[in-house]
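Colleague: I am new to this structure and would like to go through it with you, asking at each step what a term rests on. Could we begin with the place where the chains meet?

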Amino acid sequence: MSKTLTFEEPIIKLREKIKELEEFTNSSEVDLSKEIENLKIRLKNLEEDIYENMDPWERVQVARHPERPTSLDYIGELFEDFIEFHGDRVFGDDAAIVGGIGFFDNKPVTIIGQQRGRDTKENLKRNFGMPHPDGYRKALRLMKQAEKFQRPIICLIDTKGAYPGKAAEERGQSEAIARNLVEMAGLKVPVISIVIGEGASGGALAIGVANQFLMLENSWCSVISPEGAASILWRDASLAKQMAEAMKITAPHLKEMGIIDDIIPEVMGGAHRDPKKQSEFIREALRNSLAAFEGMDGESLIEDRYSKYRNLGVFTE
Amino acid sequence: MIRELFTKHKRKQAITIPSAEAKNDVPEGIMTKCPECKEIILTKDLMKTAKVCPKCDHHFKMTAWERVECLFDEDTFESMDNHLKTENPLNFPSYMEKVASDKEQTGLNEAVLTGTGKIGGIEVAAAIMDSHFRMGSMGSVVGEKITRAVEKATDLGLPIIIFSASGGARMQEGILSLMQMAKTSVALKRHSERGLLFISVMTYPTTGGVSASFASVGDINIAEPKALIGFAGRRVIEQTVREKLPNDFQTAEFQLNHGQLDAVVHREKMKETLSKIIRLHVREEKVHE
Ligand SMILES: [Zn+2]
């Protein structure tokens, strides 16, 4: 049974009612098919009404849905012959970031993704998708490898942030993130980054200096989580809902502000409701993005990234 | 991180910058009390030692212009981009008022002063952050000013020196503040590709989004003694790992021991050290036209 989010409750109730009536019709002489038909139309309208008008906080809930597909779920759907590579060659292998190579439309690509766990046990292994410096350094190693073999790089962003821990600080969390930002700026191959769930802080950006920066419709991206911002700016983490609105963290808001290049549509109600279909939406977007940079030389790709990030900022002269 | 630093700062505030909140038992302006050893020092004497406590060696916070005075050859520093103005892109209540008040108090247009000047006779570009302005946090104007300073260095073939003093990203500008990390990074990459020198000097505090972008990727990373340098805030980490952190955690000395710094340099040796490093990289004097 899928986890129900509060704002979905009317839909779930109606769905249950339809099911009840269907069961009743099957086990009795009374024919309720007309009523059921009407309720199904009502359900469709209700779904459209609720799911197509999600407010920012509702989108945050969808982005955090425990069954939301993770990087490895999409990797399994989108890439042929994927093989995972491990380790940063310095300290260890951070399971909060996965990476490797595979075929996309018969062409080799490098894939890097932040990886949450799908249950408690896996979350412990993957540190809830919050990378240590070793994860960022592994990512950079794989990016440099991609550059050597002239493969495009696809990054899937899904993190609440870089891990704020003692060991992370000791091994240079700041430097690991900063290094990625600078080195990604100079990559001679196309880089496509997609926020598939949550994308908070430098911990997300560290695999996000891309030629195209895309977001799934219900993902969010921000300098800090809405809870964190509310606790710092308003001294009250319980104002996260209002903060999610004020900070403009959703895909539609960020598209409007010119921060992201495009929104990848989601299955009605959220990616978790049909991961296979969702993967097809991502495949389509990736195809378009990769085609846009096909044949572009290294210097032009660097130039493209430069002008993209160079122009971000709001101020007056 | 920001809040944590903020409360700390109110306590530790050096009183050469008069502020409404400053409640000190010594007359503001004339005398300064060392927040570490409580020694009371004549403010004019403190400038003679580059704002280092003569008794306990505590490095007081400096304004950007005080650093210019201590580092650059006399009358060589020319500031730039003082006309850029902060906006309120997310319409956060009272943000503009806070910025206006910090402008008034610091005389700066934002939390960084940029420009060109000579150190030991050699022309360099510099960006000097000032933590008296919104905790030195980085929003659009800070990112833009630093980026323009780096681009100027790239165009003129000059070294760039960045003095960091920042609690991190400017929350009120949301995603735009995050993107300044990427903006400054692409500019530094281009500067680096031209074979030019970048010296990062980390001062109290260098944390969050500033620590996790330009501050950590100098060709040479140096820091002032005891400067707080780190990614996440101490309290956040203590809550996460559920253990007490050592006293020296995230100090410059800690970062040196963990391989993140080339050197910790006392303020009285800063100009000499920078000048030496620059001389070792720039063979002939570059004059900017
Ligand atoms: Zn003292």
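Modeller: Across the interface of chain A and chain B, 18 residue pairs are in polar contact, both residues being at pLDDT 80 or more, a condition that applies because this is a predicted model. The elements of chain A that give two or more residues to this side include helix H8 (173-185), helix H14 (298-310) and strand S9 (315-316). The most comes from H8(A), with 10 residues, and the residues on this side of chain A divide into 27 nonpolar, 11 polar and 14 charged.

Colleague: What makes Glu303(A) and Arg190(B) a salt bridge?

Modeller: The closest N and O atoms of Glu303(A) and Arg190(B) are 3.0 Å apart, and the rule asks for a side-chain nitrogen of Lys or Arg within 4 Å of a carboxyl oxygen of Asp or Glu, so the pair Glu303(A) and Arg190(B) is called a salt bridge. Across the interface of chain A and chain B the rule finds five salt bridges.

Colleague: How many residues does each chain bring to the contact, and how much area is buried between chain A and chain B?

Modeller: Chain A brings 52 residues and chain B brings 54 residues, while the area buried between them is about 4,900 Å², with 68% of it on carbon and sulfur atoms. On the side of chain A, the residues that lose the most area to chain B are Glu169(A), Tyr306(A) and Arg310(A), which together account for 14% of what that side buries.

Colleague: Why are S9(A) and strand S4 (residues 85-86) of chain B said to pair?

Modeller: Two strands pair if at least two bridges are found between them, and S9(A) and S4(B) are joined over two bridges in the antiparallel sense, so they meet the condition and count as paired. Phe315(A) has Thr86(B) of S4(B) as its bridge partner.

Colleague: Why is Gln172(B) called buried, and which residues does Gln172(B) contact?

Modeller: The relative accessibility of Gln172(B) is 11%, and buried means under 20%, so Gln172(B) counts as buried. Gln172(B) has its place in the loop between strand S7 (160-166) and helix H6 (174-193) of chain B. Leaving aside neighbours within four places in sequence, Gln172(B) is in contact with Leu233(A) from the other chain, and with Leu90(B), Phe92(B) and Tyr95(B).

Colleague: Is Asn88(B) buried or exposed, and where does Asn88(B) lie?

Modeller: Asn88(B) lies in the loop between S4 and helix H4 (95-106) of chain B, and its relative accessible area of 17% is again set against the limit of 20%, so Asn88(B) is buried. Not counting residues up to four places away in sequence, Asn88(B) touches Tyr95(B) and Met96(B).

Colleague: What makes strand S3 (residues 107-114) of chain A largely enclosed?

Modeller: Six of the eight residues of S3(A) are buried, and therefore the strand is largely enclosed by the rest of the structure. Strand S2 (residues 97-104) of chain A pairs with S3(A) in the antiparallel sense over eight bridges, with Phe103(A) standing opposite Pro108(A). S2(A) and S3(A) form a hairpin with two residues between them, and Asp105(A) in the turn has a positive phi of about 50 degrees. S3(A) also pairs with strand S4 (residues 153-159) of chain A, in the parallel sense and over four bridges, and there Ile112(A) stands opposite Cys155(A).

Note on methods: Residues are numbered from 1 along each chain as its sequence is written. Chains are lettered from A and ligands numbered from 1 in the order in which they are written. This is a predicted model: local features need pLDDT of at least 70, side-chain atom pairs count only at pLDDT 80 or more; totals for chains, interfaces and linings use all residues. Side-chain values use heavy atoms; hydrogens and water are left out. Contact means heavy atoms within 4.5 Å. Buried area is the accessible area (1.4 Å probe) that two parts lose on being put together, summed over both. A polar contact is a pair of N or O atoms within 3.5 Å; within protein, one must be able to donate a hydrogen and the other to accept it, and residues adjacent in sequence count only if both atoms are side-chain atoms. Ala, Val, Leu, Ile, Met, Phe, Trp, Tyr, Cys and Pro count as nonpolar, Asp, Glu, Lys and Arg as charged, and the others, Gly among them, as polar. Buried means under 20% relative accessible area, exposed over 50%, partly exposed in between (1.4 Å probe, protein chains only).
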